[in-house]
Amino acid sequence: MPIETDDLSEDDAPACVPVADEATGEIRLLSERCSTCIFRPGNPFRTTMPERIRSMVADAVADEGHVTCHSTLPGSAPAGVEPAICRGFADTYGDRSLALRFGDALGLIQEVPPHS
């Protein structure tokens, strides 16, 4: 179910981290939603931080960007885990993401399993 983005503020733009492999150009995308995905029904962040989530999604959609999975972000992910696009975002808004559209068109999507 999409998160409504109609009346969202533009506060706290998320930091940009690369989700593409520098050597191959492949775009990393989680193969499935992580266990704590903000797009999972019942996720506590949907009720404790709804404005932050809506803002982050609205910014990504407006910029034809994406949401990086929080469990793959530097400082949150275990050593060796590279940043990847959130599967929940891709399933819901993937057609509005430039990286996902180009990656799909060029056969450069690399699905990676969630670590959690």
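Mentor: We'll take the labels one at a time, with the rule behind each.
Mentor: This is a predicted model, where local features need pLDDT of at least 70 and side-chain atom pairs count only at pLDDT 80 or more, while totals for chains, interfaces and linings use all residues. Residues are numbered from 1 along each chain as its sequence is written, and side-chain values use heavy atoms, leaving out hydrogens and water.
Trainee: Why is the pair F39 and Y93 called edge-to-face?
Mentor: Rings of Phe, Tyr and Trp (its six-membered ring) pair if their centres lie within 6.5 Å; planes under 30 degrees apart are stacked, over 60 edge-to-face, the rest tilted. The centres of F39 and Y93 are 6.4 Å apart and the planes at 65°, so the pair is edge-to-face. F39, F89 and Y93 form one aromatic cluster.
Trainee: What makes F39 count as buried?
Mentor: Buried means under 20% relative accessible area, exposed over 50%, partly exposed in between (1.4 Å probe, protein chains only). F39 has 5%, so F39 is buried. Y93 has 6%, so Y93 is buried too.
Trainee: Is E82 buried, exposed or partly exposed, and why?
Mentor: E82 has 46% relative accessibility, so E82 counts as partly exposed. R28, at 8%, counts as buried.
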